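My notes follow in the order I looked things up.

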Amino acid sequence: MGTVTEHVDVAVPIRTAYNQWTQFEEFPQFMEGVTEIRQISDTDTHWKTEIAGVKREFDAKITEQLPDERVAWTSTGGIKQSGVITFHRLDETHTRVTAQMEFEPEGIAEQAGDKLGIVDRRVKGDMKRFKEFIESDRAGVETGAWRGEVDRPQP
């Protein structure tokens, strides 16, 4: 199982950063290799990716969501991955966004890519592009928001 943790500090209030992150269908604008995300329900998404010519589709479920704090997910079909995005207020106008992911590389090429740090660099680039996206000429205004809560599943 591979793991990656990356963070980025963005020059927007925590509410703005969180609200933008809940707009999953906007992810292709800053996530390399993500070609489409469809929000099926409040907790279900369908992803289409193309990385190094390999196209994949999979479903993911939001397992926990607390406004201005965290969004956690796990894949439910296709690839095996899970993770959490957390939001930390640095001050009134700055937020640290941290991504923590676990994934199961499939095949020799993905296993080699994981060992070479390709996934780490991709996530680092995605976080940098999120910073550019949220701080862009839109003046730090999110494209939408979903402020509902999803309670953590009980064991």
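Strands (E, at least two residues) and helices (H or I, at least four) are DSSP runs, numbered from the N terminus. The model is predicted, so local features need pLDDT of at least 70 and side-chain atom pairs count only at pLDDT 80 or more, while totals for chains, interfaces and linings use all residues. Residues are numbered from 1 along each chain as its sequence is written, and side-chain values use heavy atoms, with hydrogens and water left out.

**Entry 1: the sheet**

I traced the strand order. It reads β1-β7-β6-β5-β4-β3-β2, seven strands in an open sheet with antiparallel pairing. β1 and β2 (34–39) are the edge strands; each has a single partner strand, so one side of each lacks a neighbour in the sheet. Neighbouring strands are turned by 20° against each other on average, direction ignored. For angles, I take axes as lines fitted to C-alpha atoms, for helices over the stretch in contact; angles run from 0 to 180 degrees between N-to-C directions.

**Entry 2: strand pairs**

I went through the pairs next. β1 runs antiparallel to β7 (residues 94–103), and nine bridges join them. Val8 sits opposite Val97 of β7. β5 (residues 70–77) and β6 (residues 81–91) are antiparallel too, with five bridges. There Val71 has Ile85 of β6 as its bridge partner.

At the β2 end, five bridges pair β2 with β3 in the antiparallel sense. Val34 faces Thr49 in β3. The hairpin from β2 to β3 passes through four residues. Eight bridges pair β3 with β4, again antiparallel. Thr49 turns up here as well: its bridge partner in β4 is Arg56.

**Entry 3: backbone at two turns**

I checked phi. The hairpin of β3 and β4 has two residues between the strands, and Ala52 takes a positive phi near 50° in this hairpin. Asp68 lies in the loop between β4 and β5. Asp68 is not a glycine, yet its phi is positive, about 65°.

Which side chains of β1 (residues 2–10) are buried? Gly2, Val4, Glu6, Val8 and Val10 are, and they point to one face. Buried means under 20% relative accessible area, exposed over 50%, and partly exposed in between (1.4 Å probe, protein chains only). In a regular strand, side chains alternate between the two faces of the sheet.

**Entry 4: Thr95**

I picked Thr95, in β7. Thr95 is buried, at a relative accessible area of 0%. Val10 is 85 residues away in sequence but 5.4 Å away in space, C-alpha to C-alpha. I listed contacts (heavy atoms within 4.5 Å). Beyond neighbours within four places in sequence, Thr95 touches residues including Val8, Val10, Val12, Ile14, Ala17, Phe87 and Leu90.

**Entry 5: helices on the sheet**

α1 (residues 14–21) lies across β1, β4 (54–66), β5, β6 and β7, at about 160° to β6. α3 (residues 118–134) also packs on the sheet, touching β1, β3 (44–51) and β7, and its direction makes about 20° with that of β1. How many residues of α1 are buried? Seven of its eight. Among them are Ile14, Ala17, Tyr18 and Trp21. Their cover includes β1, β4, β5, β6, β7 and α3.

**Entry 6: pockets**

I searched a 1 Å grid over the protein atoms alone: a cavity is a set of points where a 1.4 Å probe fits but cannot get out, a pocket is an open set with protein on both sides within 12 Å along at least five of seven lines, and lining residues have an atom within 4 Å of a point. Grid points are joined across faces, edges and corners, and a volume is the space filled by probe spheres set on the points.

The largest pocket holds about 1,000 Å³. Its lining counts 38 residues, with Ile51, Gln81, Met101, Val119 and Arg122 nearest the centre. α3 gives the largest share, six residues. By class, the lining has 25 nonpolar, five polar and eight charged residues. I count Ala, Val, Leu, Ile, Met, Phe, Trp, Tyr, Cys and Pro as nonpolar, Asp, Glu, Lys and Arg as charged, and the others, Gly among them, as polar.

The second largest pocket holds about 150 Å³. Its lining includes Thr22, Phe24, Gln39, Asp42 and Trp146. The classes there are two nonpolar, four polar and three charged.

Definitions and conventions: Pairing = 2+ DSSP bridges.
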